[in-house]
Amino acid sequence: MTNVQQTAAGPQTVLEARGIRKSFGGLEVLKGVDVTLARGEVVGLIGPSGSGKSTLIRCLNMMEKPTGGSVIFRGHKIGKSFRDRDGTTGIGTLRRHVGMVFQHFNLFPHKTVLQNVTEGPIVVCNTPRAEAEERAMALLAEVGLAEKRNAYPSHLSGGQKQRVAIARALAMQPEVLLLDEVTSALDPELVGEVLNVIRRLADDGMTMAIVTHEMAFAADVADRILFLDEGRIVVEGKPDETIRNPTNERLASFVSRFNH
Amino acid sequence: MYRWDFSVIWQYWDLFMYGLWLTVVYTFGSIVLGVLIGLLVCAARLSGWMIFSLIARTYQEIFRCTPLLVQLLWFYYAFPLLVGISIDNRVAAMLTLSLYVGAFYAEIFRGGILSIDRGQREAAAAIGMSNWQAMRRIVMPQAFKRMLPAFINQSVIQFKNTSLVSVISVADLAYMAAVVNGQTYRPLESYTVMAALYIAVLFPLTQIADWIERRLRVSD
């Protein structure tokens with residue numbers, strides 16, 4: 001993907017979703033959603049459960065295949081096949097550049113912490129092992145887990161697992177990071193350590209889309225908030241105009257539930 | 001009081017050993033072929049192609065829902081009439097044993113793969129792995145550990161199942177014991193030696209299987 005074309009969405013747009021629709025059986029979860037992510041931007045996706053926010057973020061790296069609309073990465077429409085084909089960019093290429101972190105970590109239990117982090121670069125990018133390990137160690141140091149490099153995931157706390165999962169995603173040197181409720185499965189006292197890592201990434205200019213129920217964190221770290229309800233984006237704006245001072249009735253009622 | 005006399009049996013020791021040898025050959029031969037069939041059938045069932053899945057499923061149900069004895073008789077006596085060529089009894093035995101165990105192996109493989117959390121495949125996909133890479137590097141190694149106890153168990157059963165090939169005159173251990181009995185009129189000795197030989201081979205194998213299973217549990 002050396003030949004970068006930019007679209008009308010603006011010179012800074014890295015990842016874009018246009019008119020995304022997604023149905024599971026007869027249930028339409030997303031009813032035509034547009035999202036753009038500018039380089040260095042952090043977008044917070046909030047909304048009640050069932051609003052489609054997780055499905056939306058999973059469409060952004062084609063983990064869910066949209067039933068309508070398109071995903072556009074650096075101006076290239078993503079095709080249906082895994083490989084690049086006939087001028088369209090494949091899903092594999094998209095995922096190499098757009099990382100994802102999951103609610104339930106999904107670390108590889110049969111691999112050590114270090115192997116979890118080097119797996120992508122070695123297998124997918126053919127990075128020499130020594131180089132991959134060196135980079136992995138730097139990332140593990142960044143998330144405060146260098147000394148756990150030889151541990152297996154089953155010996156880590158939830159917060160540690162999630163930090164390894166973030167390091168694993170970063171090892172691919174992604175241009176965009178998608179975070180899907182990454183603190184929802186954590187004990188309350190472990191949430192902070194994970195949020196701190198994400199905050200640091202935001203400060204370093206990482207482009208991110210974050211699905212979260214941590215309203216204060218979203219307001220703090222996001223440049224822009226999208227409020228989804230029933231498969232549509234209902235409100236879009238800066239944290240000050242949305243979470244902190246909601247004017248939309250549904251958003252106000254949603255946000256008020258977190259202020260107790 | 002019955003007077004045991006194994007002395008007459010020793011004259012036929014070569015027959016027992018030859019029978020045991022054939023039993024081992026049929027067991028391992030059918031395990032190897034059965035694994036290949038099982039992998040193929042498992043892949044067909046997980047392929048997402050309706051037609052492959054249906055064919056594989058039909059094969060599995062036929063072989064899992066009929067006794068092995070019936071299958072042996074059918075393949076040796078009935079199948080040749082159907083296709084118009086006679087089949088050597090050893091070929092029929094190996095073919096039937098392999099098809100039989102393959103149906104069970106396929107289910108063990110499929111169960112092992114499906115038992116791996118979907119999140120594992122998603123995590124692999126999220127770092128850009130292809131389906132095949134995710135399968136080979138992430139799903140298979142974990143599934144292998146889970147399917148091993150069931151696989152070993154099925155293979156032990158397979159060893160014992162080979163005794164049925166004697167009904168189509170394949171000279172395995174059970175067949176040879178019958179031969180020795182016919183020669184000596186000593187059923188108690190003949191069949192006791194046969195049973196002892198089965199135990200002699202299988203007992204160590206089941207112990208090793210238990211040991212492997214314990215080891216795997218510890219490393220989880």
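The legends below describe close-up views of a predicted model. Because the model is predicted, local features need pLDDT of at least 70, side-chain atom pairs count only at pLDDT 80 or more, and totals for chains, interfaces and linings use all residues. Residues are numbered from 1 along each chain as its sequence is written, chains are lettered from A and ligands numbered from 1 in the order in which they are written, and side-chain values use heavy atoms, without hydrogens and water.

**View 1. The second largest pocket has a lining from chains A and B.**
A pocket is an open set of points on a 1 Å grid over the protein atoms alone, with protein on both sides within 12 Å along at least five of seven lines. Its volume, about 430 Å³ here, is the space filled by probe spheres set on the points, which are joined across faces, edges and corners. Sixteen residues line this pocket; a lining residue has an atom within 4 Å of a point. Nearest the centre lie A:Met63, A:Lys65, A:Arg95, B:Ala125 and B:Asn131. At least two lining residues come from each of helix H2 (91-97) of chain A, helix H6 (118-126) of chain B and helix H7 (131-161) of chain B. Helices are DSSP runs of H or I with at least four residues, strands are runs of E with at least two, and both are numbered from the N terminus. H6(B) gives the largest share, four residues. The lining holds seven nonpolar, two polar and seven charged residues. Here Ala, Val, Leu, Ile, Met, Phe, Trp, Tyr, Cys and Pro count as nonpolar, Asp, Glu, Lys and Arg as charged, and the others, Gly among them, as polar.

**View 2. One cavity of 30 Å³ or more is found in the whole structure.**
In a cavity, a 1.4 Å probe fits but cannot get out. The largest cavity holds about 30 Å³ of space. Which residues line the largest cavity? They are A:Met100, A:Phe102, A:Ala165, A:Arg168, A:Ala169, B:Ala123, B:Ala126 and B:Ile127. Helix H5 (158-170) of chain A gives the most, with three residues. H6 of chain B supplies at least two. By type, the lining has seven nonpolar residues, no polar ones and one charged.

**View 3. A charge sits over a ring in chain A.**
The charged end of A:Arg168 lies 4.5 Å from the centre of the A:Phe108 ring. For this label, NZ of Lys or CZ of Arg must be within 6 Å of the ring centre and within 35 degrees of the ring normal. A:Arg168 also lines the largest cavity.

**View 4. Aromatic rings pair up in chain B.**
The whole structure has 18 aromatic pairs over all chains. The rings of B:Trp49 and B:Phe52 have centres 5.9 Å apart and planes at 35 degrees, so they form a tilted pair. Rings of Phe, Tyr and Trp (its six-membered ring) pair if their centres lie within 6.5 Å; planes under 30 degrees apart are stacked, over 60 edge-to-face, and the rest tilted. B:Trp49 is exposed at 54% relative accessible area, while B:Phe52 is partly exposed at 44%. Buried means under 20%, exposed over 50%, and partly exposed in between (1.4 Å probe, protein chains only). B:Trp74 and B:Phe75 have ring centres 5.3 Å apart and planes at 80 degrees, so this pair is edge-to-face. B:Trp74 is partly exposed at 41%; B:Phe75 is buried at 10%. Ring pairs also link B:Tyr59, B:Phe63, B:Trp74, B:Phe75 and B:Phe79 into a cluster.
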